[in-house]
Amino acid sequence: MEQRKHWWNGKWGRLARRDVFLRVDADRWHVEQRAGGAEGISRFYEYGSVDEAEETVRALLDGPDTWRELSPRPPGGWTLPNS
């Protein structure tokens, strides 16, 4: 499964933090809505098209929070340039 996008509501702490992830696996698109950081509780949604998945993402990001898009980790992780 490849992570395509990640949004964070900009808040720290287990009670306030919210994350939304967009992932793809073959021809299936997955949206994860997580509350409470890495140890939090997640809800998962699965779709047959990117349009359907992005519609859910837009709905999840709607509201008073100031959402920030974070860069997904590239396959194989991050590498540092040679100094």
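## Strands, a buried histidine and a core

Seven bridges join β3 to strand β4 (residues 41–47), and these two run antiparallel. Strands here are DSSP runs (E, at least two residues), helices are DSSP runs (H or I, at least four residues), and both are numbered from the N terminus. Two strands pair if DSSP finds at least two bridges between them.

This is a predicted model, in which local features need pLDDT of at least 70 and side-chain atom pairs count only at pLDDT 80 or more, while totals for chains, interfaces and linings use all residues. Residues are numbered from 1 along each chain as its sequence is written, and side-chain values use heavy atoms, with hydrogens and water left out.

Two positions show the pairing. Leu22 has Val31 in β3 as its bridge partner. Arg34 stands opposite Ser42 in β4.

**His6**

His6 lies in strand β1 (residues 2–8). Is His6 buried or exposed? His6 counts as buried because its relative accessibility is 10%. The cut-offs are under 20% relative accessible area for buried and over 50% for exposed, with partly exposed in between (1.4 Å probe, protein chains only).

Contact means heavy atoms within 4.5 Å. Leaving aside neighbours within four places in sequence, His6 is in contact with Arg17, Asp19, Val20, Phe21, Arg68, Glu69 and Leu70. With Asp19, His6 makes a side-chain polar contact of 2.7 Å. Such a contact is a pair of N or O atoms within 3.5 Å; within protein, one must be able to donate a hydrogen and the other to accept it, and residues adjacent in sequence count only if both atoms are side-chain atoms.

**The core**

The largest nonpolar core has eleven residues, including Trp7, Val24, Val57 and Leu60. β2, β3 and α1 (50–61) each supply at least two of its residues. α1 gives the most, with four residues. A nonpolar core is a set of buried Ala, Val, Leu, Ile, Met, Phe, Trp, Tyr and Cys residues joined through side-chain atoms within 4.5 Å.

Ala53 belongs to this core. Beyond its neighbours within four places in sequence, Ala53 is in contact with Leu22, Trp29, Val31 and Tyr47.
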